[in-house]
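Here is a short briefing on one structure. Look it over, then read the points below.

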Amino acid sequence: MQLAARAGAHVVAVVRDDGAVGAVPDAAHEVLVRPTSDEAAGKGEVDILLDTVGGNTVPDFLQAMRPGGRAVLIGYVAGTTLRVDLPALMARDIALLPMNMVRRHVPAEVFDRLLGDLTHGRLALRTMALPFERIAEAVETRRKGGGQGTLAVRC
């Protein structure tokens, strides 16, 4: 989100409830709290949907996407099954792009630039850190879709 805003994109964040609004980086131009499909579609044509939640995110926001747009599937805390109306998907010519960060190679120059941005405060990561003794709580928090940002377990 922060990188997209820095590149000049108009960034709209969608959150599940009012409690999640505070987790949205300042880079967002707008924050929508659990909008309906019609409300999301009324926001204009979205070029890229970054889905970190899973579940019904893509089907719910398909009508908000411009023809030829891309939906990048990053996470699935809200569900591991994606059900999409194929005629609607094909009519809008939306590309579904699963992102597997475990297998993704990040070039050294990109890694160094991002690390520099983090170090110098140009990028911010929200992190919730728990001690190892609370690992069961961390797993349950993630399983239920809770926590904001990255969840780290300290040894």
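Is Arg-6 buried, partly exposed or exposed? Arg-6 has 45% relative accessibility, so Arg-6 counts as partly exposed; buried means under 20% relative accessible area, exposed over 50%, partly exposed in between (1.4 Å probe, protein chains only).

This is a predicted model: local features need pLDDT of at least 70, side-chain atom pairs count only at pLDDT 80 or more, and totals for chains, interfaces and linings use all residues. Residues are numbered from 1 along each chain as its sequence is written, and side-chain values use heavy atoms, leaving out hydrogens and water.

**Salt bridges**
- The whole structure holds 4 salt bridges, each a side-chain nitrogen of Lys or Arg within 4 Å of a carboxyl oxygen of Asp or Glu.
- Arg-6 and Asp-117 form one of them, at 3.1 Å, N to O.
- That pair links distant parts of the chain, 111 residues apart: Arg-6 is in helix H1 and Asp-117 in helix H5. Helices (H or I, at least four residues) and strands (E, at least two) are DSSP runs, numbered from the N terminus.
- Asp-117 is buried, at 5% relative accessible area.
- Asp-117 also forms a salt bridge with Arg-122, with the closest N and O atoms 2.8 Å apart.
- Shared partners join Arg-6, Asp-117 and Arg-122 into one network.
- Asp-47 pairs with Arg-66 in a salt bridge, the closest N and O atoms being 2.3 Å apart.
- Asp-47 lies in strand S3 and Arg-66 in strand S4, so this pair ties together parts 19 residues apart in sequence.

**Strand S2**
- Val-31 lies in strand S2 (residues 30-33).
- Val-31 is partly exposed, at 33% relative accessible area.
- Val-31 and Val-15 are 7.3 Å apart, C-alpha to C-alpha, and 16 residues apart in sequence.
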